[in-house]
Amino acid sequence: MNKNQFYEKYRALAEKEGSSISESTVTPEQVNALEQKYHLKMPQEYREFISAAAHEITLLNGTIDNIHCEDDVEVELEIPAQPLNQELSELDELFSGCERYINAGYIPLGEMDGAYLLCLDSKADGIMIKYFDHEYCLDQDFAAREEFESDAMVLFDRFEDFISCFFEGRKYDASRCEEYNE
């Protein structure tokens with residue numbers, strides 16, 4: 001997906017929720033500065049996703065089959081708002097609170113169901129979106145990638161599936177990622 005396609009996904013979601021969005025003012029230089037600040041490399045698809053729209057959307061809902069051995073599990077994902085002319089400010093706040101994850105190679109997307117951190121694995125081949133029991137990882141004082149990996153579960157192996165689940169309301173079957181989690 002490209003920036004325009006992501007904008008349309010945001011627009012459709014905002015319209016359904018009765019909120020509004022605006023054209024983003026994020027520049028490639030601002031995204032580069034965020035990458036440099038946290039010493040990470042964002043996948044191009046994610047760069048376009050965070051550059052697509054200025055919005056106040058903070059709560060995404062999705063339904064997932066085959067998660068925790070259950071079907072039709074309704075999940076909430078809290079993401080940073082991206083207010084006009086400050087689109088990356090709340091994302092920067094999220095990153096600053098998750099530096100251990102970032103140092104281990106994970107880019108936080110948001111908090112799922114108030115307990116799990118959903119992250120993009122910046123060191124994986126292709127797109128891997130994993131979730132972690134955030135409190136457990138912090139309680140265990142995880143710092144090394146290997147420690148985080150012991151708790152990681154791959155939830156999405158395509159960004160399109162993440163978008164389809166949380167933006168379009170399509171039920172997602174997590175069993176497609178079982179091979180990664182064995």
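Student: Which residues of α8 are the buried ones?
Tutor: Phe 159, Asp 161, Phe 162, Ile 163, Ser 164, Cys 165 and Phe 166.

Student: Before I go on, what am I looking at?
Tutor: It's a predicted model, where local features need pLDDT of at least 70, side-chain atom pairs count only at pLDDT 80 or more, and totals for chains, interfaces and linings use all residues. Residues are numbered from 1 along each chain as its sequence is written, and side-chain values use heavy atoms, with hydrogens and water left out.

Student: OK, back to Phe 166. Which ring does Phe 166 pair with?
Tutor: Phe 156, in an edge-to-face pair with 6.1 Å between the centres and 65 degrees between the planes. Rings of Phe, Tyr and Trp (its six-membered ring) pair if their centres lie within 6.5 Å; planes under 30 degrees apart count as stacked, over 60 as edge-to-face and the rest as tilted. Phe 156 sits in strand β8 (residues 153-156) and Phe 166 in helix α8 (residues 159-166), so the pair ties together parts ten residues apart in sequence.

Student: Which aromatic cluster are they in?
Tutor: One made up of Phe 6, Tyr 10, Tyr 46, Phe 49, Phe 156, Phe 159, Phe 162, Phe 166, Phe 167 and Tyr 172.

Student: And how many aromatic pairs are in the whole structure?
Tutor: The search finds 22. One of them is Tyr 106 with Phe 132, edge-to-face because the planes are at 65 degrees, with the centres 4.9 Å apart. That pair links distant parts of the chain, 26 residues apart: Tyr 106 is in strand β5 (residues 106-112) and Phe 132 in strand β7 (residues 129-133). Tyr 106 and Phe 132 are both buried.

Student: Switching topic: how many helices and strands does the chain have?
Tutor: Eight helices and nine strands. Of the 182 residues, 47% are buried.

Student: What about charges, how many positive and negative side chains?
Tutor: 15 positive and 41 negative, with the centres of the two sets 7 Å apart. Lys and Arg count as positive, Asp and Glu as negative; His and the chain ends are not counted.

Key. Helices (H or I, at least four residues) and strands (E, at least two) are DSSP runs, numbered from the N terminus. Buried means under 20% relative accessible area, exposed over 50%, partly exposed in between (1.4 Å probe, protein chains only). The place of a charge is taken as NZ of Lys, CZ of Arg, CG of Asp or CD of Glu.
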